[in-house]
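Subject: Structure handover

Hello,

Here is the structure for you to take over. Please open it alongside this message.

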Amino acid sequence: MKTRCLVVLIVSITSVCRSADLPRSNPEAEGVSSPAVLSFIEAVDNVDSMHSFMLVRHGRVVAEGWWSPYRAGARHSLYSLSKSFTSTAVGLAIAEGKLKLDDEVLKFFLDEAPSEPSVNLQAMRVSDLLRMSTGQQTEPPRTAGEPWTKTFLAHSVPFKPGTHFLYNTSATYMQSAIVQKATGQTVLDYLRPRLFEPLGIDAPTWETSPQGISTGGYGLSIRTEDIAKFGQLYLQKGKWHDKQLVPAAWIEAATAQQTSNGSNPDSDWDQGYGYQFWRCRNGAYRGDGAFGQYCIVLPEQDAVIAITSGVKDMQAILNLVWQKLLPALNSSTLASDDEANRKLQQTLQGLTVRLPENISEHSKFPEKKYTFPANELKLETVALERDAAGGHETLLTRVAGVEQQIACGRGKWHEGLAAWGPLVQQPVAAAAGWSNDEFTAKICFYETPFIITVRLKLSGDELIFNSESNVGFGRTKQPELVGKSQ
């Protein structure tokens, strides 16, 4: 009897897990051309680095792939795609009567307002925060020294709210703070039973400010399929499994053009802005985040595209979506094409972030420790250990007095934990290669967009050290350092 109950329990849990995922189908059955999707994959595979891709048509996943070491089960930092989730929380709080779209922002922060608030600050409303039209000319800073809400309210508001578009992450933080004031919960906790759990989004995480408020404009981490589910929910006007999770009227307003923000017909950043959603060309809309995190919704084609990446040119990816994928979405089913579908699936399953070149074996590289003079990276020592039996090299570093070891697979990814610069210790996959007398390691922080490339080259008794990140908000290539053997 106990065994039967256990089997029933396991089957029940498995059914719940499976039902939480989107259903699968093949491309042609949903009117999608496999060769066209393959053409898109081949094109974006030339971009370093793509991390994941999922195409949903008529509510079914028809193509999905992850560039190893990225994988389906790992969360990925969304950066500003988080904003679309924050605005959803605002919409739900409005629907529950916790606040109003036209509420004045100052209403929620009377104890943090300037002693003599300007007329424009007094006129700023929740709707102005949502559509990035606060009236501010520059974005208020967010520092550890003062509450972010107080800094925001102290910032100059030279324009009448609603008349001047400024992409403003601090304005999204204010939305998060308002939801927390109105509901008594962080945006993460507030959305958990209302959005995340119904969609089957497991264990989302969200960074918080020093004041314990979800950062709102960034900081949410979820899986690629979770991004696709969110887009599908919006495509379905807020309905999920016959339950209205988000009011349809809010979906319509949030994804409509609420603010004009440019006139370039070739830019997907000039098509208008809604409530923390961008309007796109071709009748689409999206949430997106720095370095290529996308949730693209195409209502006319009944499709959703989810992408995570670490790219410098976000418009280039959208251009490929319109050039390659949009024509692939047909109005009726297509004849089955087993060979094309097989080739597509084979390509999707074999994707990988580019590994370092490995064209030589440099067994004479000395296992010495190299010491560096004071530098802005705070790098003190570097050493390299080879493990012929294990098929990997171990990069040994001491930075600001902290030692760490990063095992790098030789021509393959090796997983572990590491920190680097501002990146705190977290899961990584690292790979190494040799090219003549130069050692190259790629350290992939696969829950983020960031991949660090380290190059070591011998010059007599000196070691030349170079490092760079694939993407970043500032300088990505660090100054060359030279260390001497001990």
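The notes below go from the whole chain to one of its sheets.

This is a predicted model, in which local features need pLDDT of at least 70, side-chain atom pairs count only at pLDDT 80 or more, and totals for chains, interfaces and linings use all residues. Residues are numbered from 1 along each chain as its sequence is written, and side-chain values use heavy atoms, with hydrogens and water left out.

The chain has 12 helices and 21 strands (DSSP runs numbered from the N terminus, with helices being H or I of at least four residues and strands E of at least two). Its radius of gyration is 25 Å, close to the 23 Å that the globule rule gives for 486 residues, so the chain is as compact as a globular protein of that length (the radius is taken over C-alpha atoms, and the rule is 2.2 Å times the number of residues to the power 0.38). The C-alpha trace spans about 70 × 65 × 60 Å along its principal axes.

Of the 486 residues, 53% count as buried, meaning under 20% relative accessible area with a 1.4 Å probe, protein chains only.

Now the sheet. Three strands form an open, antiparallel sheet in the order β3-β5-β4; two strands pair if DSSP finds at least two bridges between them. β3 (76-77) and β4 (205-206) stand at the edges with a single partner strand each, so one side of each has no neighbour in the sheet. β4 is joined to β5 (residues 220-222) by 2 bridges, and the two run antiparallel. Tryptophan 206 has leucine 220 in β5 as its bridge partner.

Regards

Conventions
Buried means under 20% relative accessible area, exposed over 50%, partly exposed in between (1.4 Å probe, protein chains only).
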